[in-house]
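Work through these exercises with the coordinates open. Each task comes with a stepwise solution.

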Amino acid sequence: MTRTSRPNILLLVVDCLRADRAYGRAGGARVPNLLDLAGRGAAFDQAVSSATNTTPSFTSLLTSLYGFRHGVRSLRGYRLRDEVTTLPEVLSAAGYETVAEVSGPLRREHGLDRGFARYRYRVKGKSLFSSFLGGLRRRIRRELREPWFLLLHLWALHRPRKIRPGANRPEYGETIYDRSLSSLDERIGLLLRAVPRERTLLAVTGDHGERMNEGDRDPENHRIAARIPLLENWLENRHHA
């Protein structure tokens, strides 16, 4: 990235991202894009999540506070406290256009839209494996006013995991999780082609880890997961027909 007083900022939060599978190389996932980002910048080999589920840990990422301070203590039923300042509020005051693209449990009722000029919540089926990716690439190239802060929350590694057609093979990882990670890394690579890398600060993190179990090794689960992107594309085409 070239020197600039106010670079764009892309904060990429991958739900259920495990550091040992992404960067420790356990499981044999193919993650050239994630490894390239780590090689180009700084990688932290220790991180502790503030909670074991998405909403409170995500709120901690935006506030630098634990749940008992920011008020979001569990997945549902809690709201960000009024007196707490968020990262997008700080960046908005500094002249950034602040945009969030979120999914899963990160709905507006938790107060997580505070400080964002646009807070787009997408339903299941809208992922980097669907037409959402193309729309997001267009918005980055044509709509965002620099300097911008884009928060992108990705749900692909969360159950039910998504594997692209053709990647449900051992060379893409030992488990359904690893093959899903390989598939997601490929889509992240496509996304990053739309980002002006020379004037953008990129940060990648997870919100919390993910437990691996025997179900991740079930061949039938692999076959079901491999069909998910095909089903999503069919639904997208039906919607726009």
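**Exercise 1. Classify the packing of α6 against α7: roughly parallel or roughly antiparallel?**

Solution. 
1. Keep in mind that this is a predicted model.
2. Take the axes of the two helices. α6 and α7 pack at an angle of about 30 degrees. Their axes are 9 Å apart.
3. Apply the cut-off: angles under 35 degrees count as roughly parallel. α6 and α7 are therefore roughly parallel to each other.
4. The crossing of α6 past α7 is right-handed.
5. List the residues in contact. α6 supplies L133, L136, R137 and I140. α7 supplies R187, L190 and L191.

**Exercise 2. Determine which elements build the largest nonpolar core, and which residues in this core touch the most other members.**

Solution. 
1. Count the members. The largest nonpolar core holds 31 residues.
2. L181 and L184 touch the most other members.
3. Assign members to elements. Two or more residues come from each of β1 (8-14), α2 (32-40), α6 (132-142), β4 (148-154) and α7 (176-192).
4. Find the main contributor. α7 gives the largest share, six residues.
5. Inspect L181, setting aside neighbours within four places in sequence. Its contacts are L17, R21, A22, A29, R30, V31, L34 and L157.
6. Look for another core. A second, separate one has 15 residues, including F58, A100, V102 and L106.

**Exercise 3. Decide why helix α3 counts as largely enclosed by the rest of the structure.**

Solution. 
1. Locate the helix: α3 spans residues 54-63.
2. Test each residue against the burial cut-off, under 20% relative accessible area. T54, T55, P56, S57, F58, T59, S60, L62 and T63 are buried.
3. Draw the conclusion. Nine of the 10 residues of α3 are buried, so the helix is largely enclosed by the rest of the structure.
4. Identify the cover. Among the elements over the buried residues of α3 are β1, α4 (67-70), α5 (87-93) and β4.

**Exercise 4. Summarise the whole chain: how many helices and strands does the protein have, and in what pattern?**

Solution. 
1. Count the elements: eight helices and five strands.
2. Read along the sequence. The pattern is β-α-α-α-α-α-β-β-α-β-α-β-α.
3. Tally burial. Of the 241 residues, 48% are buried.
4. Check contact range. Take contacts between residues at least 6 apart in sequence; 70% of these join residues at least 24 apart.
5. Finish with the surface. The accessible area is about 12,500 Å², with 50% belonging to carbon and sulfur atoms.

Definitions and conventions: Residues are numbered from 1 along each chain as its sequence is written. This is a predicted model: local features need pLDDT of at least 70, side-chain atom pairs count only at pLDDT 80 or more; totals for chains, interfaces and linings use all residues. Side-chain values use heavy atoms; hydrogens and water are left out. A nonpolar core is a set of buried Ala, Val, Leu, Ile, Met, Phe, Trp, Tyr and Cys residues joined through side-chain atoms within 4.5 Å. Buried means under 20% relative accessible area, exposed over 50%, partly exposed in between (1.4 Å probe, protein chains only). Helices (H or I, at least four residues) and strands (E, at least two) are DSSP runs, numbered from the N terminus. Contact means heavy atoms within 4.5 Å. Accessible areas come from the Shrake-Rupley method with a 1.4 Å probe; for residues, only the protein chains shown count as cover. Axes are lines fitted to C-alpha atoms, for helices over the stretch in contact, and angles run from 0 to 180 degrees between N-to-C directions. Angles under 35 degrees count as roughly parallel, over 145 as roughly antiparallel, 65 to 115 as roughly perpendicular and the rest as oblique. A crossing is left-handed if the near helix is turned anticlockwise from the far one by less than a right angle, and right-handed if clockwise.
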